[in-house]
Amino acid sequence: MLENWLNKECIALNVDAQDCRQAIQVGGDLLVANGKAEKSFVAAMIDAVTELGPYMVVAPGIAIPHARPESGAKAVALSLVTLKNPVSFGNPENDPVWLVTCLCALDSESHIELLQRLVNLLADDEAVSQIRNSKDIEYVMNLISKY
């Protein structure tokens with residue numbers, strides 16, 4: 001189940017972020033606060049956008065920032081942040097982004113099941129729409145528990 005890697009303490013809804021860096025910072029800070037990553041991991045996710053471009057914008061409005069495990073990952077985990085006002089990541093096809101799910105992994109394989117379940121969730125247009133419009137973390141957790 002997706003909630004094995006995403007708990008309610010790692011969810012923030014309707015967040016005010018001025019740009020993609022701030023949006024990633026919010027998601028990364030949730031991972032740090034819950035013991036899933038070091039602060040260096042958050043910086044590495046932000047640096048990845050600057051250095052490698054917006055490759056982590058995987059679908060219209062959806063980004064999955066991540067960094068190398070050695071950048072400070074402490075667990076396989078996910079944070080989920082919805083933005084009050086979508087921000088640009090620099091991806092002309094899929095900007096602006098309103099959903100940021102920061103991914104933390106310990107190696108190249110331990111997060112594969114997490115990604116499969118996340119993709120199933122993100123492929124469900126109705127669930128994604130409900131997450132986008134929700135201001136209730138418990139409601140979002142209830143949706144997530146189905147994946």
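Author: The buried residues of α1 pack against β1, α2 (39-52), β4 (77-78), β5, β6 and β7 (103-104). Here contact means heavy atoms within 4.5 Å, and helices (H or I, at least four residues) and strands (E, at least two) are DSSP runs, numbered from the N terminus. The model is a predicted one, in which local features need pLDDT of at least 70 and side-chain atom pairs count only at pLDDT 80 or more, whereas totals for chains, interfaces and linings use all residues. Residues are numbered from 1 along each chain as its sequence is written, and side-chain values use heavy atoms, with hydrogens and water left out.

Reader: Which are the buried residues of α1?

Author: A residue is called buried under 20% relative accessible area, exposed over 50%, and partly exposed in between (1.4 Å probe, protein chains only). In α1 the buried residues are Cys20, Ala23, Ile24, Gly27, Gly28, Leu30 and Leu31. They cover an arc of only 150° around the axis, which puts them on the same side of α1; the arc is that of the directions from the helix axis to the C-beta atoms.

Reader: What caps the N-terminal end of α1?

Author: One looks for a polar contact, a pair of N or O atoms within 3.5 Å; within protein, one must be able to donate a hydrogen and the other to accept it, and residues adjacent in sequence count only if both atoms are side-chain atoms. The cap of α1 is aspartate 19, with a side-chain oxygen 3.2 Å from the backbone nitrogen of arginine 21. Just after α1, glycine 35 has a positive phi of about 75°.

Reader: In what order do the strands of the open sheet lie?

Author: Strands of a sheet pair through backbone hydrogen bonds, either parallel or antiparallel. Two strands count as paired if DSSP finds at least two bridges between them. In this model, five strands form an open sheet in the order β1-β5-β6-β3-β2, and the pairing is mixed. The strands β1 (11-15) and β2 (57-59) stand at the edges, each with a single partner strand, so one side of each has no neighbour in the sheet.

Reader: Where does helix α1 pack on the sheet?

Author: Helix α1 (residues 20-33) touches β1, β5 (80-87) and β6, and its direction makes about 165° with that of β5. Axes are lines fitted to C-alpha atoms, for helices over the stretch in contact, and angles run from 0 to 180 degrees between N-to-C directions. Helix α4 (residues 125-133) also packs on the sheet, touching β3, β5 and β6, at about 95° to the direction of β6.

Reader: Which strands show the parallel and the antiparallel sense?

Author: Strand β3 (residues 62-63) and strand β6 (residues 97-100) are parallel, paired over two bridges. Strands β5 and β6 run antiparallel, joined by three bridges. Valine 100 in β6 stands opposite alanine 63, and valine 100 is also the bridge partner of valine 81.

Reader: Is serine 79 buried or exposed?

Author: Serine 79 is buried, with a relative accessible area of 0%. This residue is found in the loop between β4 and β5. The side chain of serine 79 reaches the backbone oxygen of glycine 27 at 2.9 Å.
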